[in-house]
Amino acid sequence: MTTELPLWEVFIRGQHGTAHRHVGSLHATDAEMAMNNARDVYTRRNEGLSIWVVPSSEIVASTPSKKGPLFDPSKDKIYRHPSFYNIPEEVKKI
Amino acid sequence: MSDPRFHLALRMGDNSLILAQQNSKWCGHAPTLEEDIALANVSLDLMGHAQMWLGLAAEIEGEDRTADILAFFRDTDEFRNSLLVERPNVDFATTLMRQYLFDVWHLEQLLLLSQCPDILIAEISQKALVEVEYHRQRSQSLVMKLGDGTVESHNRMQEALNALWSYFGSFFEDSIVDELLFDLKISSMPSSLYPRVLKQLNQDCLLSTLKIPESEFWQKGAVQGHHTENLGYILAEMQYLQRTYPNSKW
C-alpha cells in the first residue's frame with residue numbers, strides 16, 4: 001500500500017517572465033492543497049506572480065524509446081533554420 | 001498600573017512567539033516535505049509578528065528593554081500568551097488542530113485591532129493580517145480534509161480537538177487590563193470574540209464532520225501569568241542561549 005499522495009507538477013510565472021515555467025513537483029490530495037503547497041514550497045522567495053498546478057498523471061509525455069522516429073528526421077534539415085537569409089538591420093529580434 | 005497597551009502588545013507578541021517556537025520544532029520532522037516547509041513558513045511569519053508586537057511593547061514601556069530582552073529574559077509568570085499555544089506538539093494532528101484554533105481566533109482578533117484608533121497597533125495588525133488570512137485558509141483546509149478523511153485521521157483530529165478545547169478558552173478570558181483597553185476604545189473584551197469564533201468553528205466542523213465539544217469549562221489564568229507546566233520547558237529551551245551567554249549576537 002502506498003501512503004504517498006498523488007503527484008502534481010508545478011508551473012510558475014515569475015516577476016518578469018511571460019510564460020509559466022516548470023519548477024518541480026509536489027504531493028497533494030486535491031487542487032486546493034496542491035495550490036497551497038506550491039505557494040509554500042516554490043514561492044517562498046517571492047518568485048511568482050501566478051501558479052499553475054497540473055496532476056502529473058494528466059501530462060502526456062513522449063516515450064524516450066521512440067525518440068528516433070520523433071526527433072531524428074529533423075536533424076539533417078538545416079534549411080529549416082532561418083540562417084540562409086539576410087536579416088535586415090531594422091529587425092531587432094527574431 | 002502601566003499603560004494597558006503594553007499588556008495588549010505583550011499578549012499578541014507572546015502568543016505568536018510561543019507558537020512559532022513550538023511549530024519550529026517540526027522543522028525537518030513533519031510527515032511530508034510540503035508540510036515541513038509550510039509549517040516553517042508559518043513559524044517565520046509568527047516570529048515576524050512577535051518581533052513587531054514585542055518591539056511595540058518595549059517602546060510603550062519606555063524603559064531600556066528591547067523585543068529581544070522581552071523574549072529571552074522574562075520568566076513564565078510574566079508571559080501573557082494563551083494556554084493553547086503552550087500545549088505540547090504531541091503529534092501532527094494536535095499541532096495542526098492547535099494551529100487551526102489559533103488561526104481562527106488570531107484572524108478575528110487582528111480584524112478588530114486593525115480598526116484600532118492607535119495607529120501603531122492598527123498598522124502591525126494590518127501587516128500581520130495578510131499572512132494570517134493565508135494561515136487560516138491553509139489550516140482550515142487541512143483540518144477539513146483530515147476530519148473528513150479516513151477513520152483514523154478523523155479520530156485523531158477529533159481527539160486533538162477534545163484535548164485542546166478547554167485551553168482554547170484561554171483566549172476569551174477577560175481581565176482588568178481589558179476593561180481599560182475597552183474604555184480607551186483600543187480593543188473589545190476578549191470574551192466578546194467567542195460567539196464569532198464559535199460560529200466559524202461550527203461552519204468548518206459541519207464540513208469536516210468533527211464535533212465541537214459541548215463543554216465550556218475553560219482553563220484560566222494566563223492573563224495573570226498563571227501558565228501550564230509546559231511553558232517552563234519551552235522557555236528553558238528557547239531562552240537557554242541568551243541566559244547562558246547574555247547579549248550574544250548571531
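These exercises, with worked solutions, explore a predicted model with chains A and B.

**Exercise 1. The interface**

Describe how chain A and chain B meet: how many residues are in contact, and how much area is buried?

Solution. 
- Step 1: Count the residues. On chain A, 12 residues are in contact with 13 residues of chain B.
- Step 2: Take the area. The two chains bury about 1,100 Å² between them. Carbon and sulfur atoms carry 49% of it.
- Step 3: Count the polar contacts. Nine residue pairs are in polar contact between chain A and chain B, both residues at pLDDT 80 or more.
- Step 4: Find the elements on chain A. β2 (21–27) and α1 (31–42) of chain A each supply at least two residues of the side that touches chain B. Of the elements on that side, α1(A) gives the most, with seven residues.
- Step 5: Sort that side of chain A by class. It has three nonpolar, four polar and five charged residues.

**Exercise 2. Charges across the interface**

Find how many salt bridges cross the interface of chain A and chain B, and which residues form a network.

Solution. 
- Step 1: Side chains of opposite charge can pair when their charged atoms come close.
- Step 2: Count. Three salt bridges cross the interface of chain A and chain B.
- Step 3: Take one pair. The side chains of B:R138 and A:D40 meet in a salt bridge at 3.6 Å, N to O.
- Step 4: Follow the links. A:R39, A:D40, B:E35 and B:R138 are joined in a network of salt bridges.

**Exercise 3. Salt bridges within a chain**

The whole structure holds 18 salt bridges over all chains. Work out which parts of chain B are tied together by B:R11 with B:D178, and by B:K25 with B:E237.

Solution. 
- Step 1: Check the first pair. B:R11 and B:D178 form a salt bridge, their closest N and O atoms being 2.9 Å apart.
- Step 2: Place the residues. B:R11 lies in helix α1 (residues 4–24) of chain B and B:D178 in helix α7 of chain B, so the pair ties together parts 167 residues apart in sequence.
- Step 3: Judge burial. B:R11 has a relative accessible area of 14%, so it is buried. B:D178 is buried too, at 0%.
- Step 4: Check the second pair. In the salt bridge of B:K25 with B:E237, the closest N and O atoms are 3.9 Å apart.
- Step 5: B:K25 counts as partly exposed, at 35% relative accessibility. B:E237 counts as exposed, at 52%.

**Exercise 4. An asparagine in a loop**

Decide whether B:N81 is buried or exposed, and name a polar partner of its side chain.

Solution. 
- Step 1: Locate it. B:N81 is in the loop between α3 (67–72) and α4 (92–113) of chain B.
- Step 2: Read the accessibility. At 0%, B:N81 is buried, because buried means under 20%.
- Step 3: Find the partner. The side chain of B:N81 makes a polar contact with the side chain of B:E86, at 2.9 Å.
- Step 4: List contacts beyond four places in sequence. Among them are B:D14, B:N15, B:H227 and B:L231.

**Exercise 5. Positive phi**

Say where A:N46 and B:K185 lie.

Solution. 
- Step 1: Recall the rule. Most residues other than glycine have a negative phi.
- Step 2: Take A:N46. Its phi is positive, near 60 degrees. A:N46 is in the loop between α1 and β3 (48–55) of chain A, and is exposed at 56% relative accessibility.
- Step 3: Take B:K185. Its phi is positive, about 60 degrees. B:K185 is in the loop between α7 (176–183) and α8 (194–208) of chain B, and is exposed at 66% relative accessibility.

Methods: Residues are numbered from 1 along each chain as its sequence is written. Chains are lettered from A and ligands numbered from 1 in the order in which they are written. This is a predicted model: local features need pLDDT of at least 70, side-chain atom pairs count only at pLDDT 80 or more; totals for chains, interfaces and linings use all residues. Side-chain values use heavy atoms; hydrogens and water are left out. Contact means heavy atoms within 4.5 Å. Buried area is the accessible area (1.4 Å probe) that two parts lose on being put together, summed over both. A salt bridge is a side-chain nitrogen of Lys or Arg within 4 Å of a carboxyl oxygen of Asp or Glu. A polar contact is a pair of N or O atoms within 3.5 Å; within protein, one must be able to donate a hydrogen and the other to accept it, and residues adjacent in sequence count only if both atoms are side-chain atoms. Helices (H or I, at least four residues) and strands (E, at least two) are DSSP runs, numbered from the N terminus. Ala, Val, Leu, Ile, Met, Phe, Trp, Tyr, Cys and Pro count as nonpolar, Asp, Glu, Lys and Arg as charged, and the others, Gly among them, as polar. Buried means under 20% relative accessible area, exposed over 50%, partly exposed in between (1.4 Å probe, protein chains only).
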